[in-house]
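Here is a short tour of one model. Look over the sequence and the structure first, then read on.

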Amino acid sequence: LRALGWTPGTTEEDMQLSIASGDLNRAATFGPAAIAPLAKLLKEGSYQQRVMAANVLGSMSSLKVLKPLLSALKDADSLVRTAAAEALALQQSNEASNGLIAALKDRERNVRAAAATALGRLGDEHAAEALIAALDDEDWQVRCSAWEALGRLGSRRSLASVIGRLG
């Protein structure tokens, strides 16, 4: 389009052009209006587009990004699920906790580790029990992320569990 001399006539067209050309960070500068098209890309785009869309949605401060990011925790691609977990950690909303707790049981270790890290960053003490269970995960990265997350929570119950495991 640009080669033909076309320029966007509206901010909507400008935002859509940014998304179509892969400049998702620029699309995010359009604020809440960009959430729906980015969410659509997160659901329907190529794997690379879905990962980028998750990252960009995570950088946006709006409760409206929670639903598409939580849905992305169930994506077929583990890298998209990992990106969604990391993006949810940036939202600082305890509404993300239930989806992240479920992601602690994902079949891929990177997703489980990212979910544990995200839960620690969110600081939701309701996640303590699931994180304590993750201390028994078969993968050391997941266990390490769960230890760190429990330390971040700092609740008496989580700290008692961590100290008890130190023997």
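## The start of α6

At the start of α6, the backbone nitrogen of L79 has a side-chain oxygen of D77 within 2.7 Å. The model is a predicted one.

## Helix α6

How far apart are the end C-alpha atoms of α6? They are 17 Å apart. At 1.5 Å a residue, the 12 residues of α6 should span 16 Å, so the two values agree.

The buried residues include V80, R81, T82 and A83. Also among them are L88 and A89. What do the buried residues of α6 pack against? Their partners are α3 (35-44), α4 (47-59), α5, α7 and α8.

R81 forms a salt bridge with D106. Their closest N and O atoms are 2.7 Å apart. R81 is in helix α6 (residues 78-89), while D106 is in the loop between α7 (97-103) and α8 (109-122). The pair links distant parts of the chain, 25 residues apart. D106 is buried, and R81 is too.

## Other salt bridges

How many salt bridges are there? The count comes to six. Side chains of opposite charge can pair when their charged atoms come close.

R112 and D137 meet through their side chains in a salt bridge, at 2.8 Å from N to O. R112 lies in helix α8, and D137 lies in the loop between α9 (128-134) and α10 (140-153). The pair therefore ties together parts that are 25 residues apart in sequence. Both R112 and D137 are buried.

D14 forms a salt bridge with R26. Here the closest N and O atoms are 2.9 Å apart. R26 has 32% relative accessibility, so R26 counts as partly exposed.

## K67 in α5

Where is K67? K67 sits in helix α5 (residues 66-72). Its relative accessible area is 67%, so K67 is exposed. K67 and A39 are 28 residues apart along the chain. Their C-alpha atoms are separated by 8.9 Å.

Notes
Residues numbered from 1 in each chain as written. Predicted model: local features only at pLDDT ≥ 70, side-chain atom pairs only at ≥ 80, totals over all residues. Heavy atoms only, no water. Helix = DSSP H or I, 4+ residues; strand = E, 2+ residues; numbered from the N terminus. Buried < 20%, exposed > 50% of the residue type's maximum accessible area, 1.4 Å probe, protein only. Salt bridge = Lys/Arg side-chain N within 4 Å of Asp/Glu carboxyl O. Expected span 1.5 Å × (residues − 1). Contact = heavy atoms within 4.5 Å. Polar contact = N/O pair within 3.5 Å; in protein donor to acceptor, adjacent residues only side chain to side chain.
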